[in-house]
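The sequence and structure come first.

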Amino acid sequence: MDSVLLGLIVAGFAAGLMDAAVGGGGLLQIPALFGLLPGNTPVPSVLGVNKFASFTGTAMAAGQFVRRVRVPWRMLLPAAVLAFAASFFGAKLSALVPVRYMKPAMLAVMLAMLVYTFCKKDLGQMVRDAALTRREYAVGLATGAAIGLYDGILGPGTGSLLAFVFVRFFAYDFLTATASAKVINLTTNLAALAFFVPNGHIVWAWALPLAAANFCGGFVGSWLAMRGGAKFLRVGFMLALAVLMGKFGWDIWLNG
């Protein structure tokens with residue numbers, strides 16, 4: 001088997017598993033793609049291949065979750081539509097937004113999320129039965145748009161941000177929050193593909209095997225998440241935040 005193909009399969013499976021179980025799969029997949037693919041590959045093509053595979057893995061994970069976990073569809077569906085539009089708009093804005101300012105801000109947000117989750121031992125452990133209030137619906141729609149915009153501009157940590165919002169502001173358990181985050185994340189990935197596919201940025205010879213591996217990883221990761229339950233996801237969520245913070249901190253250090 002070709003070494004690049006083998007590397008794509010391994011990286012795609014690992015990224016799909018991590019993303020479905022605790023989030024942050026892009027932290028594995030994007031660096032792996034830049035390392036595995038030829039050095040003259042255009043950046044949009046690398047990102048397009050990544051998004052196609054991520055969409056496939058997220059679709060598998062979202063399908064697995066929503067079959068077994070009750071999610072707030074009445075709020076999720078309009079929030080997902082707003083996230084789609086905002087993510088597509090964010091992709092167009094990405095060249096104009098100074099990412100060097102966004103990363104330190106996101107690092108601070110993630111640190112606050114990590115400290116809050118660590119200190120609140122019962123956060124995301126109780127299953128919510130009460131219906132959402134009108135105010136919570138409004139917060140959900142605004143959050144979908146805001147995080148969709150962030151995903152289009154920058155991207156890493158989108159799933160973790162969404163999960164935290166569902167746990168902290170809607171009092172959902174981590175399993176419901178993770179399932180809900182996957183639904184919205186799926187639409188933001190689709191928005192990116194709406195840009196990459198028509199513009200010819202998908203190299204199918206690389207995208208298809210990577211997507212197949214991501215799909216399988218998403219199946220295993222979602223199974224682990226549902227088997228482990230809220231306690232497993234709370235620990236995994238904090239670990240994913242720590243990894244994200246390390247990556248953002250390293251980028252900030254390298255770029256001064």
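## Thr41 and its surroundings

A polar atom of the Thr41 side chain lies 2.7 Å from the backbone oxygen of Pro38. A polar contact here is a pair of N or O atoms within 3.5 Å; within protein, one must be able to donate a hydrogen and the other to accept it, and residues adjacent in sequence count only if both atoms are side-chain atoms. Thr41 sits in the loop between helix 2 and helix 3 (43-68). Its relative accessibility is 13%, so Thr41 counts as buried (buried is under 20% relative accessible area, exposed over 50%, partly exposed in between, with a 1.4 Å probe and protein chains only). Apart from neighbours within four places in sequence, Thr41 is in contact with Val46 and Trp206, where contact means heavy atoms within 4.5 Å.

## Model and overall fold

This is a predicted model, in which local features need pLDDT of at least 70 and side-chain atom pairs count only at pLDDT 80 or more, while totals for chains, interfaces and linings use all residues. Residues are numbered from 1 along each chain as its sequence is written, and side-chain values use heavy atoms, with hydrogens and water left out.

The protein chain has nine helices and zero strands, giving the pattern α-α-α-α-α-α-α-α-α along the sequence. Helices (H or I, at least four residues) and strands (E, at least two) are DSSP runs numbered from the N terminus. Of the 256 residues in the protein chain, 50% are buried. Among contacts in the protein chain with a separation of 6 or more, 84% join residues 24 or more positions apart.

## Helix 1 and helix 2

Two packed helices are described by the angle between their axes and the distance between the axes. Axes are lines fitted to C-alpha atoms, for helices over the stretch in contact, and angles run from 0 to 180 degrees between N-to-C directions. Helix 1 (residues 3-21) packs against helix 2 (residues 26-36) at an angle of about 170°, with the axes 9 Å apart. Helix 1 is therefore roughly antiparallel to helix 2; angles under 35 degrees count as roughly parallel, over 145 as roughly antiparallel, 65 to 115 as roughly perpendicular and the rest as oblique.

The residues of helix 1 that meet helix 2 include Val4, Gly7, Leu8 and Ala11. On the helix 2 side are Leu28, Gln29, Ala32, Leu33 and Leu36.

Helix 6 has 20 residues and reaches 29 Å from its first C-alpha to its last, close to the 28 Å expected at 1.5 Å a residue. The expected span is 1.5 Å times one less than the number of residues. Buried residues in helix 6 include Glu136, Gly140, Gly144 and Ile153. Just after helix 6, Gly155 takes a positive phi of about 115°.

The axes of helix 6 (residues 134-153) and helix 7 (residues 158-168) come within 10 Å and cross at roughly 165°. Helix 6 is therefore roughly antiparallel to helix 7. Their crossing is right-handed (left-handed if the near helix is turned anticlockwise from the far one by less than a right angle, right-handed if clockwise). Thr143, Ile147, Tyr150 and Asp151 of helix 6 meet Thr158, Leu161, Leu162 and Val165 of helix 7. Thr143 counts as buried because its relative accessibility is 16%. Beyond four places in sequence, Thr143 is in contact with Gly148 and Val165.

Helix 8 (residues 174-196) has 23 residues and spans 32 Å from its first C-alpha to its last, close to the expected 33 Å. Because 19 of its 23 residues are buried, helix 8 is largely enclosed by the rest of the structure. At its start, a side-chain oxygen of Asp173 reaches to within 3.1 Å of the backbone nitrogen of Leu175.

The axes of helix 4 (residues 73-93) and helix 8 come within 8 Å and cross at roughly 30°, so helix 4 is roughly parallel to helix 8. The crossing is right-handed. Among the residues in this contact are Trp73, Leu76 and Phe84 of helix 4 and Ser180, Val183 and Ala194 of helix 8. Ala194 counts as partly exposed because its relative accessibility is 36%. Not counting residues up to four places away in sequence, Ala194 touches Phe84 and Phe88. Ala194 and Phe84 are 110 residues apart in sequence and 9.8 Å apart in space, C-alpha to C-alpha.
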